[in-house]
Amino acid sequence: MDDDQSPDSTLEDTPGKGRSPEPKRIEPAAPEEFGLVQVWWGDGKGKTTATLGMGMRAAGHGYRVHVLQFMKGGASSVEAVRGEYNAIDALPGISYENLGHYGWHGMADGSDEADHERQAQAGLERAQELLAAAEQAALDEPIDLDAPPEDGVHMLVLDEVLYAADRGLLDEEDVLELIDAKPDDLELVFSGSHEKPTYLEDRVDLITNVRKEKHPIEDGQRARRGTEY
């Protein structure tokens, strides 16, 4: 530290200037720098967890967030009511839809493969509807925290949409067209797929590979309440 620089002056360069943040009442607000396209993929645990956390952060600033989940059926060890749904329901400004059902496509778990495709197509149509609604909304202005997503959202999370494309339930071109339909001020977030979505590399702003190094499922650990659902 320079002789002419006091300890207090160095804190001027830190977030919050060294003061601990205090929670504030969430009021409707509009983001100043939204508009990017994000991709979260990989064979590790945490893709949905990360995107939901980001959605919670955005909602905490008063931005309107919606989560549309594809293929989120799970297995017999996962209960119908999940912790994230309860938390979202209690938090203003963020909402969700789940168009999945029991089972996973291609896993020979007794679920109907044709139904998986119908669900994926329904999710695609719903995503298109939400993007069209956002195009008509004033995203540079606050949106009522209790407003339906049809009134527009500042952040749209399409959870597991890349998994649906990876399994051939959607075409890669379908995902690219969602980017084409995105309003400039909307933050669009894709997640899912263990395979790298190379077709998106030149069309998105952020790509995160959530990589597995070790997972308890390899030792027979099933999904646990509070961590996986």
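This note comments on the strands, the helix packing and the salt bridges of the structure above.

1. The model is predicted, so local features need pLDDT of at least 70 and side-chain atom pairs count only at pLDDT 80 or more, while totals for chains, interfaces and linings use all residues. Residues are numbered from 1 along each chain as its sequence is written, and side-chain values use heavy atoms, with hydrogens and water left out.

2. Six strands form an open sheet in the order 3-2-4-5-1-6, with parallel pairing. Strands (E, at least two residues) and helices (H or I, at least four) are DSSP runs numbered from the N terminus, and two strands pair if DSSP finds at least two bridges between them. Strand 3 and strand 6 (206–209) stand at the edges with a single partner strand each, so one side of each has no neighbour in the sheet. On average, neighbouring strands of this sheet are turned by 15° against each other, direction ignored. Axes here are lines fitted to C-alpha atoms, for helices over the stretch in contact, and angles run from 0 to 180 degrees between N-to-C directions.

3. Strand 2 (residues 65–69) and strand 4 (residues 155–159) run parallel and are joined by five bridges. Within this pairing, Leu 68 has Leu 158 of strand 4 as its bridge partner. Helix 6 (residues 172–180) packs on the sheet, where it touches strand 1 (37–41), strand 4 and strand 5 (187–191). Contact means heavy atoms within 4.5 Å. The direction of helix 6 makes about 165° with that of strand 5.

4. Side chains of opposite charge can pair when their charged atoms come close. A salt bridge is counted when a side-chain nitrogen of Lys or Arg lies within 4 Å of a carboxyl oxygen of Asp or Glu. The count by this rule is seven salt bridges.

5. One of them joins Glu 97 and Arg 126, at 2.9 Å from N to O. Glu 97 lies in strand 3 (residues 94–98) and Arg 126 in helix 4 (residues 113–136), so the pair ties together parts that are 29 residues apart in sequence. Glu 97 is buried at 19% relative accessibility, and Arg 126 is buried at 13%. Buried means under 20% relative accessible area, exposed over 50%, and partly exposed in between (1.4 Å probe, protein chains only). A network of salt bridges links Glu 97, Arg 126, Glu 129 and Glu 150.

6. Another salt bridge pairs Glu 27 with Arg 25, their closest N and O atoms being 3.0 Å apart. Glu 27 is partly exposed at 43% relative accessibility, whereas Arg 25 is exposed at 71%.
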